[in-house]
Amino acid sequence: MYRNGPKSAPDPSSNPLDDICPVCKSNRYLNPSLQFLINPECYHKMCSTCVDRIFTSGPSSCPVPHCGRTLRKKGFRKAFFTDLHVEREVDIRKRVSEVFNRRQDEFETLLDWNNYLEEVEALVFDLVEGSAADKARAEEKLKEYRDAYREEIEGNKRVGKEEVEGERRRERAERDGARARRLAVAREAEEEKADVEKGKRDLLERLANSDGDASAITRQAQKVILKKSSARRNITEEASESNGSANSGLTIRGLKKRVTPVEEKPYDPFGGVDLTPARYTVQESYDNEWLGNAKKDMRHMAGGYSLQEYYARTMFEAFSGLGVFIEEEVADRGQKSDPLVATAAAAEASKGEINLGHKMELDDVF
Amino acid sequence: MAPSSVSEDERYRTSTQYRLWSFTPASLLELRTTTNRSAANRVRDAVRRVREARAASSGNTSEADGGNESRAVSAVPEGEVDCLSVEEELKLVTHFCRQTLQLGDHLQVPTDVKATAVQYIKRFYITNSCMTYDPKTLLKTALFFATKTENHYFRLTKFAEAITATKPEEILASEFLLTQGLRFTFDVRHPFRALEGAVMELQAMANGHIPVGDKLRGMDRRVKEAHGKAREYLKTSALLTDVYFHYTPSQIMMASLLIADRQLISLYLSSKLPPGSGSANAAISAKLMEALDRCAAMLQSMEPGKEQSSEEKKELSALAKKLRKCRNPEKIDLVSLQRAKREGDGEDEKVVKKRKLERERSAKEGEDVFGPTIPK
């Protein structure tokens, strides 16, 4: 593995060159406090003594042959990764991702998001592995992008920060909650113990002072203690229940962010069928001697009875089927099904089984 | 879905009353004739069977038969069976419908319940015959069943107590039979509420709340009178005649109003279907008036206030006597038949078992890839 803890000393057996400063050739074997630093300008490794020696008096060029970059002391830091190629790539990635910080929910389709990621990855590759021309092109692109979308980049950065902040807060709240619960439980146990002690003391006192039946007093005292402890248990249960409901939102992680739901239209039981009557219009109110009382009576209205319902129903029944001429309509279908089925049923009726069409076979009741 | 308009008529066409229980006079008569003929045949067959059984049993042993058998045997008359004709059956059914109304009055049930019960009886006896199932017991069942479908709770024991010589089992025995005869359609569309609607609107027109010319203005009193008279027709004539089978509730209601006050209703209908606006409307209104006139004539064939004349009564009692002689002896004791059915005696058990086996087999075959074998 490349990664080593910052505190742990690198394993000398892996690569002896790792322990020798390429500039002054001092050895960790001779100088156990030897510490290597790098500068992200050129990622050349040197020991802290060299850095102090060369750069304390101001910016100077890199002491590594054929490098010649101008470095400042301020830019030096400890490498996190032993492999400096990795260190460099991580730095580049950090820099790129600060600029290309789009989020998936900004894209309409998954394909768009993936295309964007692909593009960013190509850019990173150019910066890490590409030739000088590739690198220059990539840098140019990065700069262009930064200038073009300054505002959006800033916005996304803010959002990301807030998220991190929220996560941290949540963790803290959880920790606090857990500690509080632990404390409460401990206090609970303590109190219970104290109660039992007190009960025992009381019992002894009572036994000593009163001249009642000893066993009766003991029994009673036991009961009191039991009652107390059970009451306490109930209280704690209630408290924990309310706690649970309050905290339940915090313990679940990885919830998908909620999108504000689209407002649903009111449910239409008739599926959009227009039931407006053609032959009449229902009036606001009708004079009807039967309904005179119902209009004013509290007992009718309190239950939500609506006279409009009654009006609509009566009017509907008055005109429903006025234009249905059974003699014509039934004569047409008469041959088709119904009377035939019915006659068949009649013919079979007293035989023992009724055969209604071919769909249904009914036992004759008797 | 695009909003589509559904007219009142379309909505009526979805009802079972329209789909299953509307007939032309000819088809209704045909149905009744067929029913009557097959029932008569079956009565003759049953009588012959019972006689053979009696001959056999009297040949073998003395008369020590079980209850059901001996009762059936005792009910069998001597000689050739004289069956009822279609007209006679119809008269009897109408008579028993009348009795249902009286029974309903006696039990003080609402008009809706009575009307529904009567329609149940009428519907039941289209495909069943009086000779097979006795209307006298069936009418109680119908009335009791109507209290349930019309949401008017009536305790069964109380119901049976209120009628002389009736046991609860007797009422329940033919309940499933009745529902089967009704083809499990319990919805009956009555013209009563429709009448309230029409009268309400007429009144609003008379008082000027709904603007329609001046012709209907101030006819308040006439509307009220027409309302009362029409209601009488709907309560009796409409129930006892066959109008429910041939016309829609709205038409029945309009026809009864037409009898009550022809001028008023003509004005009303012409305001609903203005004659000037297109020939289609005119054609419909002419057709409607014709239908209403026929319906009205049918209603008037049975005037509401009129009692049965003594001649009719005599005829009816003769018919009742005749019915007693041509009852199907196998279907007289419905209570014990129902009990036997429920307990399932030997032969029935065999049938039930066979049927169960068949069902299981077809279910098993149904799971086959190519489905069950096609029945021949």
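Analyst: Helices (DSSP runs of H or I, at least four residues) and strands (runs of E, at least two) are numbered from the N terminus, and the expected span of a helix is 1.5 Å times one less than its number of residues. The model is a predicted one, in which local features need pLDDT of at least 70 and side-chain atom pairs count only at pLDDT 80 or more, while totals for chains, interfaces and linings use all residues. Residues are numbered from 1 along each chain as its sequence is written, and chains are lettered from A and ligands numbered from 1 in the order in which they are written.

The helix in question is α15 of chain B, residues 249-260, whose 12 residues reach 17 Å from the first C-alpha to the last, close to the 16 Å expected at 1.5 Å a residue. A residue is called buried if 20 or more other C-beta atoms lie within 10 Å of its own, exposed if 12 or fewer do, and partly exposed in between, with C-beta atoms placed from the backbone. By this criterion 12 of the 12 residues of α15(B) are buried, so the helix is largely enclosed by the rest of the structure. They run from P249(B), S250(B) and Q251(B) through residues including M253(B), A255(B) and L257(B) to I259(B) and A260(B). For chain B, with its 376 residues, the buried share is 37%, and the chain has 20 helices and zero strands.

A nonpolar core is a set of buried Ala, Val, Leu, Ile, Met, Phe, Trp, Tyr and Cys residues joined through C-beta atoms within 7 Å. The largest one has 89 residues, and M253(B), A255(B) and L257(B) are among those with the most contacts inside it, as are Y120(B), I121(B), A142(B) and C295(B). Helix α6 of chain B, residues 111-127, gives the most to this core, with nine residues. α6(B) has 17 residues and reaches 25 Å between its end C-alpha atoms, close to the 24 Å expected, and it is mostly covered, 15 of its 17 residues being buried. Contact here means that the C-beta atoms of two residues, placed from the backbone, lie within 7 Å. Leaving aside residues up to four places away in sequence, A142(B) touches T100(B), A117(B), Y120(B), I121(B) and L178(B).

Helix α14 of chain B, residues 243-246, contains F245(B), which is buried, with 21 other C-beta atoms within 10 Å. F245(B) touches W21(B), S22(B), F23(B) and L28(B), again not counting residues up to four places away in sequence. F245(B) and T24(B) are 221 residues apart in sequence but 7.7 Å apart in space, C-alpha to C-alpha. Among contacts in chain B between residues at least 6 apart in sequence, 77% join residues at least 24 apart.

As for the partner chain, 44 residues of chain A are in contact with 61 residues of chain B. On the side of chain A that touches chain B, α11(A) gives the most, with eight residues. The axes of α9(A) and of helix α11 of chain B, residues 192-206, come within 7 Å and cross at roughly 100°, where axes are lines fitted to C-alpha atoms, for helices over the stretch in contact, and angles run from 0 to 180 degrees between N-to-C directions.
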